[in-house]
Amino acid sequence: MSAAPSTTEPKRRESGSLPDTQGLFKYVVALADDALVLGHRLSQWSGRAPMLEEDIALSNLALDLIGQARLLYAYAGEIEGRGRDEDRLAYLRDEHAYSNVLLVEQPNGDFAATMVRQLAYAAFMHPYYQALTASTDRRLAEIAAKAVKEMAYHVRHAAEWVVRLGDGTEESHARAAAALEELWMYTGELFEMDAGERALVADGIAVDREALRPRWDATIDAVLAEATLKRPADRWMQSGGRSGRHTEHLGPMLAEMQVLHRAHPDATW
Amino acid sequence: MPETPMPLWEVFIRNRSGLPHKHAGSVHAADATLALQAARDVYTRRGEAVSIWVVPSAAITASDPAEKGELFEPTASKIYRHPTFYKVPDEVGHM
């Protein structure tokens with residue numbers, strides 16, 4: 001590891017051993033990938049949203065997520081200690097190295113799909129970051145403290161729209177219902193943890209995702225009820241994003257996102 | 001299907017210095033909750049606000065610019081209405 005200040009050094013376990021640096025790096029990068037991919041998706045609405053106020057709102061949401069990604073990538077790079085900064089991690093990793101959940105890489109679709117996707121993600125990440133503020137890793141706790149307030153607004157914004165789309169016109173209700181059906185199979189992956197992440201949970205660094213299920217269910221159920229939308233039936237959940245196995249959508253998105261940096265790798269402005 | 005036009009709302013913002021809410025602009029929104037959100041997203045991006053008011057533009061009654069003369073010019077010659085004709089004793093300090 002580089003000669004970093006003590007805030008970046010993982011806390012030692014009671015046995016005296018350090019949590020696995022590789023595992024911590026993987027974990028932080030996954031959080032960053034979630035934020036960056038969703039942030040980039042939202043930025044694709046810029047200039048194309050159904051109304052001016054919503055165009056600015058979506059851009060704000062995108063910037064929140066990209067800001068979170070930057071902080072997380074910077075920390076991940078320090079943990080790894082191989083000189084990779086946020087740009088190298090964001091722009092120079094291929095699809096298979098990206099470990100975001102499949103939900104965030106799904107195309108924007110129509111406005112209903114974007115709001116349903118945002119609700120599903122934010123209803124999870126809001127309580128997640130709340131819990132993460134108690135992490136034994138001080139840097140993660142600090143990042144979480146900032147992100148919590150942002151995610152609170154994301155939940156509120158997405159929920160208000162899902163309610164109005166669901167309890168709206170025939171067309172808006174149909175689109176919202178279709179979006180729910182389409183995206184539901186990607187929501188299960190939010191709660192997945194592999195052995196590495198479970199170890200970090202045991203160390204008090206990461207958050208137990210499964211434990212957030214009741215809260216996520218409560219938020220989603222409340223919003224869907226007010227939106228007069230039916231909660232989709234239980235089903236097999238898509239998975240694989242955390243291991244770099246992505247849907248056909250991530251590749252083209254990354255290509256577009258990374259092309260400028262790859263064409264001019266050392267450009268600054 | 002004819003669309004109902006989306007209402008216009010006037011946005012007033014109080015900043016951190018605590019001075020009264022100032023008019024910041026307007027937003028289109030379907031209802032009050034979304035109007036508040038739109039105002040937050042459009043007009044408070046640079047930390048300007050601690051408080052937002054949104055008011056339907058239709059609720060605002062404004063003076064007619066053509067009546068400026070009869071409404072406002074008479075006051076120009078009534079200097080006895082200004083609180084400047086007494087001396088504040090030094091012990092009172094700043095008023």
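Me: What span would you expect for helix α7 of chain A, and what does it reach?
Reply: This is a predicted model, and in it α7(A) covers residues 170–183, which makes 14 residues. From its first C-alpha to its last it reaches 20 Å, close to the 20 Å expected at 1.5 Å a residue.

Me: Nice. Which residues of α7(A) are buried?
Reply: They are Arg175(A), Ala176(A), Ala177(A), Ala179(A), Leu180(A) and Leu183(A).

Me: And what covers those buried residues?
Reply: The cover includes three helices of chain A: α4 (102–105), α5 (111–132) and α6 (138–166).

Me: Let's stay with two of those. How do α5(A) and α6(A) cross?
Reply: Their axes come within 7 Å and cross at roughly 145 degrees. The crossing is left-handed. As for the residues in that contact, 22 are nonpolar, four are polar and none is charged.

Me: Why do you give me both an angle and a distance?
Reply: Because two packed helices are described by the angle between their axes and the distance between the axes.

Me: New topic: the largest nonpolar core. Which residues touch the most other members?
Reply: Val28(A), Leu72(A) and Val162(A) do, in a core of 86 residues. The largest share comes from α5(A), with 14 residues.

Me: What does Leu72(A) touch?
Reply: Leaving out residues up to four places away in sequence, Leu72(A) touches Val28(A), Leu31(A), Ala32(A), Ala35(A) and Ile143(A).

Me: Last one, the two chains. How many residues does each give to their contact?
Reply: Chain A gives eight residues and chain B gives 11. On the chain A side, α2 (52–80) and α6 are the elements that give two or more residues, and α2(A) gives the most, with four.

Me: What classes are on that side of chain A?
Reply: Where chain A touches chain B, its side has three nonpolar, two polar and three charged residues.

How values were computed. Residues numbered from 1 in each chain as written. Chains lettered and ligands numbered in written order. Predicted model: local features only at pLDDT ≥ 70, side-chain atom pairs only at ≥ 80, totals over all residues. Expected span 1.5 Å × (residues − 1). Buried ≥ 20, exposed ≤ 12 C-beta atoms within 10 Å, placed from the backbone. Contact = placed C-beta atoms within 7 Å. Core = buried A, V, L, I, M, F, W, Y, C linked by C-beta atoms within 7 Å. Nonpolar A, V, L, I, M, F, W, Y, C, P; charged D, E, K, R; others polar. Axes fitted to C-alpha atoms, helices over the stretch in contact; angles between N-to-C directions. Left-handed = near helix turned anticlockwise from the far one by under 90°.
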